[in-house]
Amino acid sequence: MSDLNYHHLRYFWAVAHDGNLTRTAERLNLSQSALSSQIKQLEDRLGQTLFERRGRALHLTEAGRIALDHADTIFSAGEELLDTLRETARPARALRVGALSTLSRNFQITFLEPVLGRPDVEVILRSGSAAELYAALDALNLDVVLTNTPPARDAISPYLTQKLADQTVGLFGTPDRVRGNRPLEELVADHPLILPTRDTQIRNAFDTLLARVRAKPIIAAEVDDMAMIRLLALRGTGLAVVPPIVVQDELARGDLVQAAMLDLHELFYAVTLDRRYPNPLLTELLAVAVR
């Protein structure tokens, strides 16, 4: 394809990463119609539709994802060529990570630890709802989504899901609350509980466990943020139902102690798209995380 117009390809590349034709046109100081025309000429040359409209949003087609993978490689190679000839330092590579807003911060740090602080890596971390993060992943604005609830995989969005960790869930509280080994029924009867909200994997499993042992909880708080659960437990509000990784620093210092480990588990996943050219930084992280 020796007559491929790389100006057209660059315009497509810019719109694909922005996800918004109007915003890209303003940034490039072009009219929206001129930018649309450039992309249309590229589509005609390739014989493929690269974008489809869903409402006001632009989404890449399967051909568009393939074209963007190649465009990323082409323009990245061009930047490396310029840096080499100018004898400048290699620019930092970006890793774009989305994390469910309710996900443990400690887990996120543990996953990212191998690349944090590296001078050649820029980590861009975004939190949000599952719908927001998967929309960004579909638009190739994220390399990976970290979650504790894997998505369904279908033909439209072929997600790849890898399990990263399996954490046993426990009850944790301040030392003055936790004295000796006591059965779950007694702990629940004597102490208020700090629980995740009812739409979470942990809460559903914990409610089922309480029903099985016929325990009636005293609920001090229902919280959709693991960091807030940890802070409430430190304050002495009650016993927190969380994986140990959420309170690992407090356990190490003795600020919190384990009251009981439960027959419950929280699974952590990395969700990606099936891309021809995945981000090599992500490939490196996943190789470490799934050992």
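## Aromatic pairs in the model

How many aromatic pairs does a search of the whole structure find? The search finds 4. Rings of Phe, Tyr and Trp (its six-membered ring) pair if their centres lie within 6.5 Å. Planes under 30 degrees apart count as stacked, over 60 as edge-to-face and the rest as tilted.

A word on the background: this is a predicted model, where local features need pLDDT of at least 70, side-chain atom pairs count only at pLDDT 80 or more, and totals for chains, interfaces and linings use all residues. Residues are numbered from 1 along each chain as its sequence is written, and side-chain values use heavy atoms, leaving out hydrogens and water.

## W13 and F75

One of the pairs is W13 with F75: the ring centres are 4.8 Å apart and the planes stand at 45°, so this pair is tilted. W13 sits in helix 1 (residues 6-18) and F75 in helix 4 (residues 62-86), so the pair ties together parts 62 residues apart in sequence. Helices here are DSSP runs (H or I, at least four residues) and strands are runs of E (at least two), numbered from the N terminus.

W13 is partly exposed at 23% relative accessible area, while F75 is buried at 9%. Buried means under 20%, exposed over 50%, and partly exposed in between (1.4 Å probe, protein chains only).

## F107 and F268

Here the ring centres of F107 and F268 are 4.2 Å apart with planes at 20°, so the pair is stacked. F107 belongs to helix 5 (residues 105-112) and F268 to strand 10 (residues 257-273), so parts 161 residues apart in sequence are tied together. F107 is buried, at 5% relative accessible area, and F268 is buried too, at 0%.
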